[in-house]
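The sequence and coordinates are shown first.

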Amino acid sequence: MSDLDRETRDALVELLLSMADDEFVLGFWDSEWTGIAPILEEDVAMSSVSQDEIGHAKALYELLAELTGEDADQIAFGRPAEGYRHAALMNHARTDWAFSIARRFLYENADAVRLESLAGSTYQPLADLAVKMRREETYHLLHFDLWLRRLAEGGGDSHARLAASIERLWPDAQAVFAPLEGEARLVAAGILPESLESLRARWLERVAAPLEAAHLPIPSDGARPAADGRTRRTDEFAWLHGEFTMVSGSEADATW
Amino acid sequence: MSSGYASAVSSIPPAKDRVWEVFRQEAEGDPMVHGGSVKAPDEELATHYAREFYGRRQESERLWIVPRDAITELDDPDLLKPPFDRSFKRPGGFLLKHKLEAARERAGSPQVDEVGE
């Protein structure tokens with residue numbers, strides 16, 4: 001692992017951090033549905049799926065910690081809000097159920113494309129983790145594809161809210177594939193088997209059919225990810241950051 | 001309103017309240033055991049919820065998810081607990097105790113500790 005040159009290693013750190021933060025922040029947003037999801041059964045399902053994402057984030061932070069010699073908890077909870085690298089898609093508050101479902105649908109499909117590719121990474125620890133994560137993400141995909149269909153078929157208000165959410169989230173969803181610093185090195189080393197831009201094309205192809213079947217217009221498929229797609233932070237995220245760092249921040253170096 | 005048909009129709013619960021019974025198998029080869037139930041509007045969501053409630057901790061090898069209205073229930077005591085002695089239908093066969101006692105009495109050799117029970 002330490003046979004990576006410095007620039008490649010730094011780029012890998014960026015990649016791992018971006019993935020871990022995506023999962024971590026989304027896990028926290030959607031865990032807010034605990035207790036208030038549409039029905040009891042969905043309450044348990046949404047909470048469980050959110051826990052899965054925190055679990056994936058943990059595994060990714062640990063991989064990162066091995067690489068940098070830092071502490072995984074410290075990486076997860078010890079950064080200021082501006083230090084997080086999640087895609088702008090995860091900058092938004094939970095909002096309503098349609099909004100949360102729209103975000104999950106866009107993200108789960110993006111994550112699936114990313115993991116599918118990383119399963120072939122030359123960085124073996126990441127390839128192994130991607131294979132493991134994909135098995136759990138299979139269910140996430142099924143669940144949120146299903147909810148997208150249900151809300152779309154619900155007609156009236158349900159369809160309108162979903163369509164508005166897809167439109168609002170679309171530009172920020174592109175940011176899951178925002179180019180990373182040093183990305184070319186990762187591609188050259190086969191750590192990232194293909195560029196994020198080519199993964200984005202695959203994702204666009206993948207979400208087109210279900211969106212069309214659900215009569216949800218694709219806002220503008222030419223939109224490229226914004227340059228600050230993974231660095232722009234919002235007040236909504238600053239609030240969430242305050243929430244999820246509250247306990248760890250209350251007593252530094254406490255043993256739990 | 002008063003027709004039997006109307007009341008039968010209105011007794012079907014709305015889709016969102018459909019109940020599904022979940023049976024689970026703990027290990028390969030074990031019998032399927034009733035785990036509990038979930039509410040879901042259709043088979044697809046019922047499968048997801050069954051997975052969450054009875055499988056998310058890796059405690060199940062296999063689940064059966066059955067709509068409750070597909071289950072035929074029999075709980076008529078006249079059919080299941082008839083008032084007559086049906087001990088001869090048990091796999092163990094007849095209860096011989098009383099016959100044995102009677103036979104011993106006839107033979108005049110009662111066994112003190114057994115008679116009178």
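## Helix packing in chain A

Axes are lines fitted to C-alpha atoms, for helices over the stretch in contact, and angles run from 0 to 180 degrees between N-to-C directions. The model discussed here is predicted. In it, the axes of H2(A) and H5(A) come within 11 Å and cross at roughly 170°. Angles over 145 degrees count as roughly antiparallel, and H2(A) and H5(A) are therefore roughly antiparallel to each other.

On the side of H2(A), the residues that meet H5(A) are A:Ala45, A:Val49, A:Asp52, A:His56, A:Ala59 and A:Leu63. Their counterparts in H5(A) are A:Pro125, A:Leu126, A:Leu129, A:Met133, A:Glu136, A:His140 and A:His143. By class, the residues of this contact comprise eight nonpolar, three polar and two charged.

A:His56 lies in helix H2 of chain A, which spans residues 40–68. A residue is buried if 20 or more other C-beta atoms lie within 10 Å of its own; A:His56 has 25 C-beta neighbours inside 10 Å and therefore counts as buried.

When residues up to four places away in sequence are not counted, A:His56 touches A:Glu23 and A:Met133. A:Met133 is also one of the H5(A) residues in the contact with H2(A).

## Nonpolar cores

The largest nonpolar core has 65 residues, and those with the most contacts inside it are A:Leu16, A:Ala20, A:Leu89, A:Ile101, A:Leu106 and A:Leu162. Several helices of chain A each supply at least two residues of this core, among them H1 (6–31), H2, H4 (97–118), H5 and H6 (156–174). The most is given by H1(A), with twelve residues.

A:Ala20 is in contact with A:Ala57, A:Leu60, A:Tyr61 and A:Leu64, leaving aside its neighbours within four places in sequence. A second, separate core has 13 residues and includes A:Ala45, B:Val38, B:Leu45 and B:Tyr49. A:Ala45 also takes part in the contact of H2(A) with H5(A).

## Contact between chains A and B

Chain A contributes eight residues to the contact, and chain B contributes eleven. On the side of chain A that touches chain B, the elements giving two or more residues are H2 and helix H5 (124–153). H2(A) gives the most to this side, with four residues. The side of chain A that touches chain B has five nonpolar, two polar and one charged residues.

## Architecture of chain B

Chain B holds four helices and three strands, and from the N terminus on its elements run α-β-β-α-β-α-α. Of its 117 residues, 13% count as buried. Among contacts in chain B between residues at least 6 apart in sequence, 42% join residues at least 24 apart.

The strands of chain B form an open sheet of three strands in the order S2-S1-S3, with antiparallel pairing. Its edge strands are S2 (33–39) and S3 (62–67), each of which pairs on one side only. Neighbouring strands of this sheet are turned by 25° against each other on average, direction ignored. Strand S1 of chain B (residues 19–25) and S2(B) pair in the antiparallel sense over six bridges.

Definitions and conventions: Residues numbered from 1 in each chain as written. Chains lettered and ligands numbered in written order. Predicted model: local features only at pLDDT ≥ 70, side-chain atom pairs only at ≥ 80, totals over all residues. Buried ≥ 20, exposed ≤ 12 C-beta atoms within 10 Å, placed from the backbone. Contact = placed C-beta atoms within 7 Å. Nonpolar A, V, L, I, M, F, W, Y, C, P; charged D, E, K, R; others polar. Parallel < 35°, antiparallel > 145°, perpendicular 65-115°, else oblique. Pairing = 2+ DSSP bridges. Core = buried A, V, L, I, M, F, W, Y, C linked by C-beta atoms within 7 Å.
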